[in-house]
Amino acid sequence: MKNYIAIVLMALVLASCATSSLTREARYPKMYAEKPASIVVMPPINRTTHVDAKDFFYTTMYTPLCEKGYYVFSPMLIMEMFQAESAYDAENFLEANLTPFRNVLGADAAMFTIIKSWNRSNIGGTLTVEVEYILRSTVTGETLYQREGKVKVDTSVNTGSKGLLGALLDVAATAAKTAATDKIEAGRKCTAFVLSDMPEGKYGLNYMQDQQSPAGEARITATVSE
Amino acid sequence: MKKLFIVTVAVLTLSSCGTVQPNLYSWYDSEDATYQYTKRASEEKLAEAMAQYKKVITMQKGARKVVPPGVNAEYGYLLVKAGQKEEGMTLLKEEIALYPESEKFISRIIKQLEK
């Protein structure tokens, strides 16, 4: 039993950040070379059948990027502009020349996101979100940062009741809780997890001092409780 | 002994993620309020989002002690739309003063609102 606890705890330690042996400077050298100060968050590219995911997921990007020390253009004003200019479909810009965003907005970089899963399983009690994040320079067109995350939020409930009735109660409680939990929770956690190893921007407390901090794997998977 | 082991593992877990940093800004419930407004736009949800923005602007306790990027602009824009043009324009200009990176974009918005 003691061994089992030790193994679980060790696994937790190892999985807690899924850090690779690379430093941020080694993994994201172009971030340190170009030093983007301002980021425009592009409307997400939605590759799921959940039409709402695009607008909803968009709201998860702003706060974490600001907290990383970047100037992030107001999401509401940017979204209004994109809709007015018929530039709402970011797929068209993913590999295009981004100079217009530099000329019109003054943005140093554009953050693209591709939503690959946006699911809820009431029976299993999980919300699953899978997103790829790509930051491209508006100056050189280069990809400065790229990472993908798959985050499952565990919403299962254990009522503590025993026997068949207890099991049924658990299933019902899990289904109710999962149905009531907003999928945005998984979206927020995914963004927070993935962007945690992004080098800090000019307003960050460790700007140009985090080169030796560990960078995470290019793709991370995590299960977190609500 | 057992306690020491758990504490050690907890410290390891925390340190493996790097140090925990203080937030640069205080956001209050603004993230959720704007999400709720995006989800179902209504006068009531808009009023709640604006109330949260006002808190973010006037009660800033984050490490930088300044209003976060975009908030003065967004709140100012909403005030202009609600008829409080002078106050709104002042905040839009405040965004540029605080964040010179925003000048191109916000000047464009100001021009549009002045038409």
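A:Pro100 is partly exposed, as 14 other C-beta atoms lie within 10 Å; a residue is classed as buried with 20 or more such neighbours, as exposed with 12 or fewer, and as partly exposed in between, with C-beta atoms placed from the backbone. The model is predicted, and local features require pLDDT of at least 70, side-chain atom pairs count only at pLDDT 80 or more, and totals for chains, interfaces and linings use all residues. Residues are numbered from 1 along each chain as its sequence is written, while chains are lettered from A and ligands numbered from 1 in the order in which they are written.

A:Pro100 belongs to helix α7 of chain A, which spans residues 99-105. In sequence, A:Pro100 and A:Thr138 are 38 residues apart, and their C-alpha atoms are separated by 8.1 Å in space.

Chain B contains 6 helices and 0 strands, arranged along the sequence as α-α-α-α-α-α. Helices (H or I, at least four residues) and strands (E, at least two) are DSSP runs, numbered from the N terminus. Of its 115 residues, 31% are buried. Among contacts in chain B with a separation of 6 or more, 37% join residues 24 or more positions apart; a contact requires C-beta atoms, placed from the backbone, within 7 Å.

Domain 1 of chain B covers residues 23-68 and domain 2 covers 70-115, with bounds from an automatic or database domain assignment. The centres of the two domains, taken over C-alpha atoms, are 17 Å apart. Their contact involves 8 residues from domain 1 of chain B and 7 residues from domain 2 of chain B. On the domain 1 side, the touching residues comprise 7 nonpolar, no polar and 1 charged, where Ala, Val, Leu, Ile, Met, Phe, Trp, Tyr, Cys and Pro count as nonpolar, Asp, Glu, Lys and Arg as charged, and the others, Gly among them, as polar.

Helix α4(B) is mostly covered, with 9 of its 11 residues buried. The buried residues include B:Val71, B:Glu74 and B:Leu79. They pack against α6 (75-84) of chain A and against α3 (43-58), α5 and α6 (103-114) of chain B. Just after α4(B), B:Gly83 adopts a positive phi of about 100°.

The packing of α4(B) within chain B was examined for two partners. Helices α4 (residues 71-81) and α5 (residues 85-98) of chain B pack at about 160°, with axes 7 Å apart; axes are lines fitted to C-alpha atoms, for helices over the stretch in contact, and angles run from 0 to 180 degrees between N-to-C directions. α4(B) is therefore roughly antiparallel to α5(B), given that angles over 145 degrees count as roughly antiparallel, under 35 as roughly parallel, 65 to 115 as roughly perpendicular and the rest as oblique. The residues in this contact include B:Tyr75, B:Gly76 and B:Leu79 of α4(B) and B:Met89, B:Leu92 and B:Glu95 of α5(B). By class, the contact of α4(B) with α5(B) has 9 nonpolar, 3 polar and 4 charged residues.

Helices α3(B) and α4(B) pack at about 135°, with axes 10 Å apart. α3(B) is therefore oblique to α4(B). In this pair, B:Met50, B:Tyr53, B:Lys54, B:Val56 and B:Ile57 of α3(B) meet B:Val71, B:Asn72, B:Glu74, B:Tyr75 and B:Leu78 of α4(B). The contact of α3(B) with α4(B) divides into 7 nonpolar, 1 polar and 2 charged residues.

Methods:
Two residues are in contact if their C-beta atoms, placed from the backbone, lie within 7 Å.
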